[in-house]
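The stops below are meant to be taken in order.

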Amino acid sequence: QIRPAEVVVATASLLRTHSSLLVFQMTFAQASRKPVILLPSFGQQGEVPKGVRDLATETVGWDERALIDTVRRLARGEQTGRWDVVEFKLD
């Protein structure tokens with residue numbers, strides 16, 4: 001069910017086997033006013049078709065931190081003020 005979801009995560013790898021189901025779910029999520037996050041196929045260089053990309057609110061790569069931040073921002077409106085800290089020694 002999409003109704004209780006705060007955000008819908010769609011994986012582009014389903015395009016090869018269940019393209020009509022993936023497009024239906026993304027379209028239904030938009031109609032239900034749920035943000036859609038699209039993940040490209042893992043490890044594949046193939047481009048996601050423009051029609052499918054247009055159904056997504058945002059496309060995020062397979063990066064744990066980026067995915068979590070996107071879910072928080074789109075689902076709950078939370079802004080994460082993360083930054084990377086690089087430690088090094090001065091010689």
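The model is predicted, so local features need pLDDT of at least 70 and side-chain atom pairs count only at pLDDT 80 or more, while totals for chains, interfaces and linings use all residues. Residues are numbered from 1 along each chain as its sequence is written, and side-chain values use heavy atoms, with hydrogens and water left out.

**Stop 1**

Select F42. With a relative accessible area of 63%, F42 is exposed. Rings of Phe, Tyr and Trp (its six-membered ring) pair if their centres lie within 6.5 Å; planes under 30 degrees apart are stacked, over 60 edge-to-face, and the rest tilted. F42 sits in the loop between strand 2 and helix 2 (50–55), and W62 in the loop between strand 3 (58–59) and helix 3 (64–76). The two are 20 residues apart, and the pair links distant parts of the chain. Helices (H or I, at least four residues) and strands (E, at least two) are DSSP runs, numbered from the N terminus.

How many aromatic pairs does the rule give? The count is 2. For the other stop of this kind, select F24 and F28: their ring centres are 6.0 Å apart with planes at 25°, so they are stacked. F24 and F28 are 4 residues apart in helix 1, which separates them by about one helical turn. F28 is partly exposed, at 42% relative accessible area.

**Stop 2: the nonpolar core**

Select A10, L15, M26, V36, L38, V48 and V52. Of the 14 residues in the largest nonpolar core, these touch the most other members. Such a core is a set of buried Ala, Val, Leu, Ile, Met, Phe, Trp, Tyr and Cys residues joined through side-chain atoms within 4.5 Å. Strand 1 (8–11), helix 1, strand 2 and helix 2 each supply at least two residues of this core. Which element gives the most to it? Helix 1 does, with 4 residues.

V36 lies in strand 2 and is buried, with a relative accessible area of 0%. Leaving aside neighbours within four places in sequence, V36 is in contact (heavy atoms within 4.5 Å) with V8, A10, M26, A29, L55, A56, T57 and E58.

**Stop 3: a buried lysine**

Select K34, in the loop between helix 1 (15–31) and strand 2 (36–39). K34 is buried yet has no salt bridge. A salt bridge is a side-chain nitrogen of Lys or Arg within 4 Å of a carboxyl oxygen of Asp or Glu. Where is the nearest side chain of opposite charge to K34? It belongs to E6, 8.2 Å away; Lys and Arg count as positive and Asp and Glu as negative, while His and the chain ends are not counted. A polar atom of the K34 side chain lies 2.8 Å from the backbone oxygen of A5. Apart from neighbours within four places in sequence, K34 is in contact with I2, R3, A5, E6, V8 and A29.

**Stop 4: the salt bridges**

The whole structure holds 4 salt bridges. E6 is in the segment before strand 1 and R76 in helix 3, 70 residues apart. E6 is partly exposed at 38% relative accessible area, and R76 is exposed at 55%.

Next select R53 and E47, whose closest N and O atoms are 3.8 Å apart in a salt bridge. R53 is partly exposed at 34%, whereas E47 is exposed at 63%.

Then select D54 and K50, which meet in a salt bridge at 3.1 Å, N to O. These two are 4 residues apart in helix 2, about one helical turn. D54 is partly exposed at 47%, and K50 is exposed at 52%.

**Stop 5: an aspartate in helix 3**

Finish on D69, which lies in helix 3. Is D69 buried or exposed? D69 is buried, with a relative accessible area of 17%. Beyond its neighbours within four places in sequence, D69 is in contact with T80 and R82.

Definitions and conventions: Buried < 20%, exposed > 50% of the residue type's maximum accessible area, 1.4 Å probe, protein only. Polar contact = N/O pair within 3.5 Å; in protein donor to acceptor, adjacent residues only side chain to side chain.
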